[in-house]
Amino acid sequence: MPILTLLTDFGTADYYVAAVKGTVLRLAPGTTVVDISHQVPPGDVESTAFLLAAAAPSFPDGSVHLAVVDPGVGSGRRILAARTTAALFLAPDNGLLGPVLDAALEVRAVERSDLFLPAPGATFHGRDRFAPVAAWLLRGGALSELGPAVSDPVRLPGVSPPRRSPGGIRGRVAHVDRYGNLVTDLPAAWLPSGFAAALSTGKCHAQVGDLAVTRLVTHYAEIPPGEAAILVGSLGTLELSMNGEDLARRWSVARGARVDLGWNES
Amino acid sequence: MPILTLLTDFGTADYYVAAVKGTVLRLAPGTTVVDISHQVPPGDVESTAFLLAAAAPSFPDGSVHLAVVDPGVGSGRRILAARTTAALFLAPDNGLLGPVLDAALEVRAVERSDLFLPAPGATFHGRDRFAPVAAWLLRGGALSELGPAVSDPVRLPGVSPPRRSPGGIRGRVAHVDRYGNLVTDLPAAWLPSGFAAALSTGKCHAQVGDLAVTRLVTHYAEIPPGEAAILVGSLGTLELSMNGEDLARRWSVARGARVDLGWNES
Amino acid sequence: MPILTLLTDFGTADYYVAAVKGTVLRLAPGTTVVDISHQVPPGDVESTAFLLAAAAPSFPDGSVHLAVVDPGVGSGRRILAARTTAALFLAPDNGLLGPVLDAALEVRAVERSDLFLPAPGATFHGRDRFAPVAAWLLRGGALSELGPAVSDPVRLPGVSPPRRSPGGIRGRVAHVDRYGNLVTDLPAAWLPSGFAAALSTGKCHAQVGDLAVTRLVTHYAEIPPGEAAILVGSLGTLELSMNGEDLARRWSVARGARVDLGWNES
């Protein structure tokens with residue numbers, strides 16, 4: 001039986017996560033269920049999209065990833081099922097599949113109401129619709145049998161990709177992690193000759209709000225106390241960090257903040 | 001091996017949950033352990049009773065549900081084991097089995113000290129008593145061998161069931177969830193001709209503290225910004241909610257608040 | 001397949017824990033993964049050492065315990081693998097193995113870079129180094145093949161063991177738990193004739209900061225409201241507690257506070 005991951009904004013103080021797990025284990029016995037997170041701020045689709053795209057590649061091929069951050073639950077919004085070369089994804093059609101869709105070989109709108117569970121109301125599709133459809137996929141059901149192909153999935157508005165300019169690149173803070181690190185969307189590979197060259201020459205500087213950073217390092221412990229530095233984070237993008245201190249709090253930077261990176265080519 | 005669910009007030013920052021899981025996996029290898037929650041406020045038996053009754057029905061038949069919110073640990077309070085048609089329950093005798101007891105076919109006081117683990121003190125029965133007894137049940141032990149039948153389990157004081165009155169019903173807020181929704185104990189089926197009729201005629205209004213609600217909807221996204229509405233929640237009871245906003249905080253409503261629902265029969 | 005426990009300061013709002021679990025499940029399919037905690041305050045090695053030593057004994061023999069609280073990630077700090085009679089441990093060499101090392105039969109520095117995963121940067125050894133090495137151990141790899149023996153593991157500075165003095169013992173608050181209980185490092189067995197004798201004679205008193213405690217009890221429910229008492233905690237050490245109230249907050253006591261315990265021999 002393959003692995004099911006769960007990513008929701010349900011929190012861990014309610015019975016919601018357990019109800020989803022119980023339903024899956026009832027309908028697809030033997031499934032290994034792994035939590036990605038249930039601490040997504042309520043309704044925060046962008047954060048969900050980031051976490052899903054970041055976590056999924058670590059899992060074995062054939063895993064099923066169920067993400068339920070679903071302010072439109074019960075409305076006409078579609079339920080999407082997507083397939084990449086490595087995994088299956090199930091989520092409301094509200095943008096949270098984000099980067100997954102770029103790599104999808106097949107995207108379907110789930111219309112198999114025969115799979116849905118009878119429910120007292122329309123507020124908990126996680127338990128009543130997503131869980132049984134996930135169980136059906138875990139038992140080997142084919143994506144193509146879930147419903148019609150979708151060519152127009154909802155995309156998150158307002159999140160533009162990073163772009164290059166002469167002598168620099170511009171992007172944004174894609175995520176602030178528990179430690180206060182600023183994970184940007186700027187690929188380390190976009191630096192001239194890569195990060196290693198920038199590191200050796202020191203010809204690189206970043207600006208985020210009031211914070212200007214000129215130091216490049218390979219790991220946190222290199223950063224002098226109280227200072228900030230640029231390094232390559234765990235997703236291959238540039239990260240701005242302090243050493244044992246919360247940069248985001250110290251400099252009042254939040255997700256979405258603009259990041260400008262420049263260098264002298266000379 | 002059946003499933004074991006865990007519901008405690010241990011939090012997730014201590015070693016307590018892991019010690020219970022390790023003990024169960026040592027004594028009943030192969031058990032699938034599923035967390036309901038460990039975020040119950042310390043000693044909050046009523047919240048535990050709500051979560052247990054809400055989560056348990058989703059799990060496969062034969063599951064064992066272990067709930068340890070146990071301010072009386074080490075005292076003379078009994079340990080109860082209960083059996084319904086679908087599942088087994090293990091908990092201190094302090095009221096947390098709540099609605100489970102109404103459906104129980106058999107309730108026993110656990111007196112099998114031979115199953116208990118040697119322990120340095122009397123503060124952690126979760127690890128030293130509940131876990132080994134749960135493991136014994138998971139391995140197929142019979143409830144009837146745990147101890148004498150119990151006919152007088154402790155009941156939560158002060159929680160009266162909802163009741164009907166001419167032109168209305170009165171109940172209480174049974175739970176406030178992560179989103180700030182007010183989950184009431186009022187069955188949607190108690191509305192004249194059910195919720196669908198009330199929805200179509202609009203003849204229904206609710207009062208909770210200073211908040212008066214007249215709008216009925218089927219899902220959150222229908223609710224206009226800043227307004228509150230009545231809908232059928234995931235347990236089949238009426239729920240009061242806002243759309244993307246925390247109603248409980250906005251209107252300062254907590255668990256236990258009285259809810260009056262009325263309608264015009266004309 | 002044996003059990004893997006995880007103990008980190010990653011929190012549960014990021015993708016970090018899931019990435020470690022996915023990697024382990026990809027490389028060692030069928031592993032049962034159990035969380036000890038991910039709520040360790042960022043970089044708090046002492047807290048990690050306490051939790052690891054407290055939780056590990058409950059798990060089945062042969063379990064692998066992976067602890068990643070690693071402010072030095074990416075630096076020259078070693079990765080240690082240790083073996084006791086009961087279990088295997090994997091952690092950065094920064095003191096967090098703490099008491100485990102005293103019982104270790106074998107300690108190795110992990111130098112098998114062939115086991116490490118290719119990584120974009122040096123910030124996430126949890127996923128890129130610890131997880132694949134843990135998977136290798138879970139699949140039966142021998143500790144001795146991981147690297148050279150280590151005789152000088154890093155020890156936590158500033159944490160001295162409890163000591164006896166005439167008519168008393170002195171130790172410290174080793175941990176403050178979710179309930180506000182003060183878990184000390186003073187073994188209950190150090191009391192003259194043990195805790196039972198002290199309990200029966202009442203000849204024992206403790207001082208922590210401004211708080212003087214003279215009452216001894218066996219369980220929390222015995223403690224009168226508003227008072228504090230001494231009891232034997234779940235690790236066999238003395239604990240200072242209130243009944244349903246947070247002693248640490250009420251008396252402003254934090255981990256590390258000195259605890260003096262005295263008695264009259266007469």
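Predicted model: local features only at pLDDT ≥ 70, side-chain atom pairs only at ≥ 80, totals over all residues.
The interface between chain A and chain B involves 31 residues of chain A, which are in contact with 30 residues of chain B. Together the two chains bury about 2300 Å² between them, and carbon and sulfur atoms account for 57% of that area. On the chain A side, Asp14(A), Tyr15(A) and Thr123(A) stand out: they supply 26% of the area that chain A buries against chain B, more than any other three residues.

In terms of secondary structure, helix α1 of chain A, residues 16–27, gives the largest share of the side that touches chain B, with eight residues. By residue type, the side of chain A that touches chain B divides into 15 nonpolar, eleven polar and five charged residues.

What polar links cross this interface? Between chain A and chain B there are 14 residue pairs in polar contact, counting pairs with both residues at pLDDT 80 or more.

A rotation of 120°, with 0.0 Å of shift along its axis, superposes chain C on chain A with an RMSD of 0.0 Å. Within chain C, Thr32(C) has the C-alpha nearest the axis, 5.1 Å from it. The copies use different surfaces, since 6% of the contact residues of chain C recur in chain A.

Definitions and conventions. Residues numbered from 1 in each chain as written. Chains lettered and ligands numbered in written order. Heavy atoms only, no water. Contact = heavy atoms within 4.5 Å. Buried area = accessible area lost by both parts, 1.4 Å probe. Polar contact = N/O pair within 3.5 Å; in protein donor to acceptor, adjacent residues only side chain to side chain. Helix = DSSP H or I, 4+ residues; strand = E, 2+ residues; numbered from the N terminus. Nonpolar A, V, L, I, M, F, W, Y, C, P; charged D, E, K, R; others polar. Least-squares fit on C-alpha atoms with pLDDT ≥ 70 in both.
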